[in-house]
Amino acid sequence: MTVRDADMYGSNWVQCTHNASLMISSGLPCHGVHVSGNRGASGIDGLISTAVGFAVGCNKRVLLVMGDVSFLHDTNGLALLRQRTSRKPMVILVVNNHGGAIFSQLPVANTTDRSILNQFFYTTHDVSIRHLCLAHGVKHVQVQTKTELQDALFASQRENADCVVEVESGIDTNVEFHSNLRNFTRQASDHALSILSKLSVEDSTLHYKISKMEYSLYRVKLNAPTTAASRNSNTTTSYREGFVISLSLEDGSIGFGEVAPLEIHKENLHDVEEQLRFLIHAMEGNTIDNSLPLLKSSISSWIWNNLGIPPGSILPSVRCGLEMAILSAIASTHGTTLLDILHPQKDEISKNPSPVQICALIDSYGTPMDTAFIASNLVAEGFTAIKIKVARRSEPDEDIAAIKEVRKKVGPHIVLRADANRKWTYDQAVKFAHSVKDCCLQYIEEPVNDENDIVRFCEETGLAVALDETINCIRENPLRFLEKYIHSGVTAIVIKPSVIGGFENAALVARWAQQHGKTTVISAAFESALGLSAYIQFARHLDLQNCEMQKLTNKISAPITSHGFGTYKWFNEQVTEYSLNIRHNPNHNCVEADAIEAGQFLQKCRLNPDIVVRAFLADQVKEYQLAVDSGGAHYSINVVETGESIDGTMVVFLHGFLGTGGDWMPIMKAASISARCIAVDLPGHGGSKLKHHQGIDGSDRPDLSMDVVVDIVRKVLDNLTSEKVILVGYSMGARIALYTALKCSNKVEGAVIISGSPGLVDEDSREIRKAKDEFRASTLVSNGLRFFTEAWYAEELWASLRGHPHFKQIVNNRLQHDDLLTLGKVLSDLSIGKQPSMWEDLKQCKVPLQLIVGEKDTKFKAIAREMQTKIGHENGIANPTPVVEIPDSGHAVHLENPLAVIAAINQFIKRGN
């Protein structure tokens with residue numbers, strides 16, 4: 001079975017479009033491995049022996065995956081393991097079905113008596129694999145769960161010994177598993193085909209060009225503070241703030257999204273707006289396509305391949321709003337709803353009502369009687385499910401009394417949920433659970449402050465648990481993380497799309513929950529009616545998906561889920577001109593929203609102009625030349641500027657070798673929300689020109705040593721402002737920024753050093769590097785940029801950048817320089833082998849520095865850590881600025897993960913202010 005499963009379900013790594021970080025974030029496998037297959041002389045003979053020979057030949061650790069019958073046919077091969085001749089340890093993974101499971105998949109299994117199958121086809125056996133291993137002196141480990149298997153495989157990699165890992169299974173279990181696998185595969189294929197078919201009918205267009213993206217900041221009154229807000233008796237009026245995104249396509253279609261960070265997001269409006277401004281720039285002229293509603297890494301792939309940024313670098317609330325806008329734009333261009341593109345149905349079915357039941361919410365700060373009174377009013381309005389916030393006080397006694405009083409008041413038929421938001425200790429949570437055991441709670445969300453105690457709590461109390469905050473912190477490989485919570489006591493998963501990072505991430509977690517028989521509850525984080533309209537459709541999609549999954553697995557249909565949208569009652573004002581229709585349905589005897597109506601509401605969305613604080617206004621980009629004289633030469637320095645500063649903050653960006661000021665434009669667009677941002681083309685680069693040089697020989701080129709270039713930069717700064725500035729430099733620009741900060745501290749408020757170095761100390765190293773850079777410079781001048789860039793970007797330093805989807809475009813941009821003589825002079829004169837070492841100067845550094853490096857840039861990470869120990873050493877600085885490692889990036893961090901760089905620069909500016 002193992003080799004057949006590999007043939008059927010394995011994926012060839014050739015032409016893979018995902019990078020490792022993207023696949024991890026999507027819960028997909030992320031390591032390409034060399035796989036070989038050997039069917040044996042008669043299908044099953046000699047597999048162990050062959051694998052041992054393979055291990056010797058490749059001299060690598062080998063994992064052999066095989067069935068029990070194949071294992072038994074080559075037990076003599078175990079003797080070869082003891083020899084360990086010139087090879088590394090290997091692991092044999094045996095799937096023990098106690099017979100030949102392959103025949104259970106063939107038509108003969110449906111027409112033949114089981115006893116005949118066992119004797120002549122399955123060759124059922126009771127041979128002990130453990131005893132065979134013991135006889136040969138080979139380590140044996142038996143596992144029965146995924147976690148045990150994972151632990152056994154990890155342990156085997158750390159040990160210097162061969163190991164046989166036996167996975168206990170059975171033929172009937174194997175039949176059921178493969179049947180479910182086929183059914184799920186068929187369902188996934190049918191679902192994908194239905195989406196692509198529906199969106200392609202009468203429309204041959206597969207891609208839709210984005211004409212513009214805009215946003216508006218809103219502020220609306222609330223009836224009460226949100227449940228996440230801290231209670232302040234001095235506050236009489238509560239407000240909710242956020243952004244509404246509009247995404248316009250060239251065909252006139254518009255999609256809407258909402259980005260409304262709350263305290264639980266660990267985000268703020270300023271950080272969110274910076275990312276929105278970056279995305280507006282990045283999305284300009286891009287396209288979206290009909291595959292995005294599949295929600296199976298399709299959006300993550302689009303973000304990486306089209307925008308060129310790691311999907312995980314987008315703030316969760318921003319990604320949620322972006323996905324909402326993209327999906328609703330696709331729905332709009334097809335004249336349909338978000339639900340219809342997520343879960344297409346036949347026309348006659350799609351017109352039927354699509355109810356989504358809503359769970360009410362109570363923030364129980366009052367007395368138990370107050371809470372019970374509110375609950376009874378909600379029941380009178382038609383609510384059949386109520387969630388009560390608990391753990392608002394130091395001890396659970398009043399919460400216990402409140403739950404009992406509510407149950408007494410509303411009767412036994414109302415669904416009650418509790419939510420402790422991780423605020424109780426284990427003992428407090430247990431006390432609560434034991435005290436309310438007769439109150440029939442459906443579940444309690446996050447009862448304990450330590451996620452490692454959740455399963456223990458379930459086992460000790462018997463009270464069902466729902467996960468909420470626990471899944472919010474998942475950023476990488478969510479499926480592996482969730483394996484800890486397969487326990488039957490964890491009965492529900494509460495998913496806030498804006499906290500978990502959008503619909504795609506939410507759909508991934510929801511599928512896991514549904515496959516493990518857990519209730520999936522979609523919950524709002526106090527979004528407006530606009531966001532709720534999208535969530536209601538998404539919740540309906542998951543409800544329908546769950547029904548289909550239950551049919552596939554022949555399970556009894558679960559009760560209808562009430563979703564966490566009761567937050568709508570908090571809003572005193574509406575973001576949209578019209579209200580979302582949420583009402584009591586007497587036919588269903590509950591409060592609900594209709595997903596089709598919600599879809600129409602989102603399609604026809606109109607902002608209420610009274611609640612708009614301000615709309616996005618694109619900053620003007622100015623480009624101009626500054627005349628500078630230095631070292632007997634006259635330069636015309638190209639400057640690009642955008643943004644205005646309220647508090648006088650000016651940030652000047654210096655690019656690396658072969659770059660231009662334009663490299664910084666996406667980051668400048670984001671940072672310009674609160675700072676005047678300026679990028680300079682350094683001599684020899686971009687639009688900067690050498691106008692005149694007074695040399696002895698007309699062929700002479702000017703001196704472009706570090707001192708001269710820093711003098712040019714200082715004079716540019718003097719031209720721009722009389723105040724101090726913040727410098728941001730990358731690579732060569734980082735060295736210039738650092739030198740400027742150390743030598744011209746009266747002009748520099750602070751400096752962000754990205755992938756930079758203070759220079760070389762060792763004289764031999766300096767001479768070697770000087771010679772290398774002089775050779776490079778002569779090669780550049782004699783052979784031209786195209787030849788030079790091919791060699792330059794083939795170096796190990798750029799290994800990570802070469803995997804970037806926009807790498808070719810980045811390199812092509814490097815071919816635009818036309819003054820190769822000056823460019824070669826910069827490479828030679830600014831060589832790290834020629835510039836003065838700044839290591840000793842760091843000890844007296846008084847200017848605040850921020851060191852940024854890529855996590856994959858081993859060389860510069862080491863340099864940054866060493867710099868950190870030197871900075872301010874003689875000035876008594878006890879806590880220097882920490883080194884910021886940018887994930888998913890190598891040397892060119894500002895190109896590979898710009899959003900993370902923006903966040904780091906923003907934090908540095910905040911600390912300075």
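Predicted model: local features only at pLDDT ≥ 70, side-chain atom pairs only at ≥ 80, totals over all residues.
Biologist: Let's start with D68. Where is the place of D68?

Modeller: D68 is in helix α4, which covers residues 68-72.

Biologist: Is D68 buried or exposed, and what is the nearest side chain of opposite charge?

Modeller: D68 is buried, yet has no salt bridge. The nearest side chain of opposite charge is R114, and R114 is 12 Å away.

Biologist: What does the side chain of D68 reach, then?

Modeller: The backbone nitrogen of G99, at 2.8 Å.

Biologist: Which residues is D68 in contact with, leaving aside neighbours within four places in sequence?

Modeller: V94, V95, N96, N97, H98, G99, H125 and I129.

Biologist: H98 is on that list. Where is the place of H98?

Modeller: H98 is in the loop between β2 (90-96) and α6 (108-111).

Biologist: And what is phi of H98 near?

Modeller: Phi of H98 is near 60°. That is a positive value in a residue other than glycine. Most residues other than glycine have a negative phi.

Biologist: What is the relative accessible area of H98?

Modeller: It is 24%, so H98 is partly exposed.

Biologist: Which other residue has a positive phi without being glycine?

Modeller: C440 is one of them, with phi near 55°. C440 lies in the loop between α18 (426-435) and β13 (441-445).

Biologist: Is C440 buried or exposed?

Modeller: Exposed, because the relative accessibility of C440 is 56% and the cut-off for exposed is over 50%.

Biologist: Helices now. At what angle do α16 and α17 pack?

Modeller: At about 35°, with their axes 8 Å apart. Helix α16 is residues 368-381, and helix α17 is residues 397-410.

Biologist: Which residues make the contact?

Modeller: From α16, they are P368, M369, T371, A372, A375, S376 and V379. From α17, they are E398, A401, A402, E405, V406, K409 and V410.

Biologist: Is the crossing of α16 and α17 left-handed or right-handed?

Modeller: α16 passes α17 in a right-handed crossing.

Biologist: Why is helix α33 largely enclosed by the rest of the structure?

Modeller: Helix α33 runs over residues 820-829, and seven of its ten residues are buried, so the rest of the structure largely encloses it. The buried residues are T822, L823, G824, V826, L827, S828 and D829.

Biologist: And in helix α25, which residues are buried?

Modeller: In α25 (residues 595-603), the buried residues include A595, I596, A598, G599, F601 and L602.

Biologist: What caps the N-terminal end of α25?

Modeller: D594 does. A side-chain oxygen of D594 lies 3.0 Å from the backbone nitrogen of I596.

Biologist: Switching to S672. Where does S672 lie?

Modeller: In the loop between α26 (665-671) and β24 (676-680). S672 counts as buried, because its relative accessibility is 3%.

Biologist: Which side chain does the side chain of S672 make a polar contact with?

Modeller: The side chain of R277, at 3.1 Å. Leaving aside neighbours within four places in sequence, S672 is in contact with R277, D619, T642, G643, E644 and C677.

Biologist: How far apart are S672 and K408 in space?

Modeller: They are 57 Å apart, C-alpha to C-alpha. In sequence they are 264 residues apart.

Biologist: Last topic, salt bridges. What does the count come to?

Modeller: The count comes to 44 salt bridges. Among them, K387 and D419 meet at 3.5 Å, N to O. K387 is in strand β11 (residues 385-389), D419 is in strand β12 (residues 415-419), and the two are 32 residues apart.

Biologist: Are K387 and D419 buried or exposed?

Modeller: Both are buried. D419 also forms a salt bridge with K389, with the closest N and O atoms 2.7 Å apart. D419 is in β12 and K389 is in β11, so this pair ties together parts 30 residues apart in sequence. K389 is buried, and so is D419.

Biologist: What about R456? Which residue does R456 form a salt bridge with?

Modeller: D453, with the closest N and O atoms 3.2 Å apart. R456 is partly exposed, at a relative accessible area of 42%. D453 is buried, at 15%.

Biologist: And which residues are linked in a network of salt bridges?

Modeller: D711, R714, K715, D718 and K747 are linked that way.

Notes
Residues numbered from 1 in each chain as written. Heavy atoms only, no water. Helix = DSSP H or I, 4+ residues; strand = E, 2+ residues; numbered from the N terminus. Buried < 20%, exposed > 50% of the residue type's maximum accessible area, 1.4 Å probe, protein only. Lys, Arg positive; Asp, Glu negative; His and termini not counted. Salt bridge = Lys/Arg side-chain N within 4 Å of Asp/Glu carboxyl O. Polar contact = N/O pair within 3.5 Å; in protein donor to acceptor, adjacent residues only side chain to side chain. Contact = heavy atoms within 4.5 Å. Axes fitted to C-alpha atoms, helices over the stretch in contact; angles between N-to-C directions. Left-handed = near helix turned anticlockwise from the far one by under 90°.
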